[in-house]
Amino acid sequence: MEQAIISETAIVKNSQIGLGTKIWNFANLYGCQIGNNCMIGTYVEVQNNVKIGNNVRVQSHSFLCSLVTIEDNVFIGHGVMTINDIHPPSGDSTKWKSTLIKKGASIGSNATIFPVTIGENAVVGAGSVVTKDVPDGCTVVGNPARIVKRDSDSDENVH
């Protein structure tokens, strides 16, 4: 496996970067852990205490705030924003809440993710605002995001 490739315009401080991971131009990474074979896009910010598993893609202009954990094989679209301070600006990091994005999940572009758990193989539609946990295998869309499909649904029976 090849070494990580980090753009010379990226800022990477106190972070662990896995083998085969690519960090693109103008990304900012501070005190985070990123697994193997990941891609962190241009203008992405990953703050301290973020943990990213293996084979994760984070597209350009996304923001992963402190206390986000992303498991393996997750896709994060362009401009996705995570939130840990639900009453900003509290200034008190002891009041911040964590987010967990489980393996195989896919988050559409411009989604906003509050401190929640996104289930395994769940899909968050582009532009959605996720304020509640998303169960495994569900698709959510809208503001606030609502379940429109479950793994057990056939394509014809979307509610």
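Where is the place of N73? N73 sits in the loop between β12 (68–70) and β13 (75–76). The strand labels come from DSSP: helices (H or I, at least four residues) and strands (E, at least two) are DSSP runs, numbered from the N terminus. Phi of N73 is near 60°, a positive value in a residue other than glycine. N73 is partly exposed, at 45% relative accessible area. On that scale, buried means under 20% relative accessible area, exposed means over 50%, and partly exposed is in between, with a 1.4 Å probe and protein chains only.

Some ground rules. This is a predicted model, where local features need pLDDT of at least 70, side-chain atom pairs count only at pLDDT 80 or more, and totals for chains, interfaces and linings use all residues. Residues are numbered from 1 along each chain as its sequence is written, and side-chain values use heavy atoms, with hydrogens and water left out.

Back to phi. N49 also has a positive phi, about 65°, although it is not a glycine. N49 is in the loop between β8 and β9. With 46% relative accessibility, N49 counts as partly exposed.

Now the sheet. Six strands form an open sheet, in the order β3-β6-β9-β12-β15-β18, and the pairing is parallel. Two strands pair if DSSP finds at least two bridges between them. β3 (16–17) and β18 (117–118) stand at the edges with a single partner strand each, so one side of each has no neighbour in the sheet. β6 (residues 33–34) and β9 (residues 51–52) are parallel and share two bridges. Q33 stands opposite K51 in β9.

Next, the hairpin. β21 (residues 139–141) and β22 (residues 146–149) run antiparallel, joined by three bridges. V140 has I147 as its bridge partner in β22. Four residues lie between the two strands, and G142 in the turn has a positive phi of about 100°. P144 is in that loop too, between β21 and β22. The peptide bond joining N143 and P144 is cis, with omega about -5°. Another cis bond joins P88 and P89, with omega about -15°.

On to the inside. The largest nonpolar core has 34 residues. Such a core is a set of buried Ala, Val, Leu, Ile, Met, Phe, Trp, Tyr and Cys residues joined through side-chain atoms within 4.5 Å. Among those with the most contacts inside it are I52, I70 and I113. Contact means heavy atoms within 4.5 Å. Leaving aside neighbours within four places in sequence, I70 is in contact with residues including I52, V56, L64 and I101.

What about T82? T82 lies in strand β14 (residues 81–82). T82 is buried, at 5% relative accessibility. A polar atom of its side chain lies 3.0 Å from the backbone oxygen of F63. A polar atom of the T82 side chain also lies 2.8 Å from the backbone nitrogen of C65.

Last, the rings. How many aromatic pairs does the structure hold? It holds one. Rings of Phe, Tyr and Trp (its six-membered ring) pair if their centres lie within 6.5 Å; planes under 30 degrees apart count as stacked, over 60 as edge-to-face, the rest as tilted. F26 and Y43 have ring centres 5.2 Å apart and planes at 10°, so the pair is stacked.

Note on methods
A polar contact is a pair of N or O atoms within 3.5 Å; within protein, one must be able to donate a hydrogen and the other to accept it, and residues adjacent in sequence count only if both atoms are side-chain atoms.
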